[in-house]
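Please read it with the structure open beside the text.

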Amino acid sequence: QVRLVESGGGLVQPGGSLRLSCAASGIIFSRYAMNWYRQAPGKQRELVAVILSGGSTSYADSVKGRFTISRDNAKNTVYLQLNSLKPEDTAVYYCNTWIGENYWGQGTQVTVSS
């Protein structure tokens, strides 16, 4: 059974940083692309960052240069480093992978506010 568990969210001031983690189980983690999505109140869920099994990465334009996605295959974990946070980054952040179907974590709340 595939399970994704996010952690690391919280309340941070504008300009601050957070590191989100997503621990995966039930899959051969190293084989699969991993994604981070976010959903702000009243908005659609949007793709934030992708890391392929080989380590290649891509980002939404809105976070490029501020967020960094990485993975540790030995720990079955994908990370999202959030720097220079803005109030518009406030959202629930979800870990995701597709293995014949979409799998989602429960989400972790990130709130950027002074």
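Two strands are said to pair if DSSP finds at least two bridges between them, and the elements themselves are DSSP runs numbered from the N terminus, with helices being H or I over at least four residues and strands being E over at least two. What is shown is a predicted model, in which local features need pLDDT of at least 70 and side-chain atom pairs count only at pLDDT 80 or more, while totals for chains, interfaces and linings use all residues. Residues are numbered from 1 along each chain as its sequence is written, and side-chain values use heavy atoms, with hydrogens and water left out.

**Strand β8 and its partners**

- In β8, Thr-77 is the bridge partner of Ala-23, and β8 pairs with strand β3 (residues 18-25) in the antiparallel sense over six bridges.
- β7 and β8 form a hairpin, with four residues between them.

**The disulfide**

- With a disulfide defined as a pair of cysteine sulfur atoms within 2.5 Å, the count comes to one.
- That disulfide is formed by Cys-22 and Cys-95, whose sulfur atoms lie 2.1 Å apart.
- Because Cys-22 lies in strand β3 and Cys-95 in strand β9 (residues 91-98), the pair ties together parts that are 73 residues apart in sequence.
- The torsion about the S-S bond of Cys-22 and Cys-95 is about -80°, so the disulfide is left-handed, and both cysteines are buried.

**Positive phi angles**

- As background, most residues other than glycine have a negative phi.
- Asn-76, although not a glycine, has a positive phi of about 50°; Asn-76 is found in the loop between β7 and β8 and, at 26% relative accessibility, counts as partly exposed.
- Ser-84 is likewise not a glycine and has a positive phi of about 50°; Ser-84 has its place in the loop between β8 and β9 and counts as partly exposed at 39% relative accessibility.

Definitions and conventions: Buried means under 20% relative accessible area, exposed over 50%, partly exposed in between (1.4 Å probe, protein chains only).
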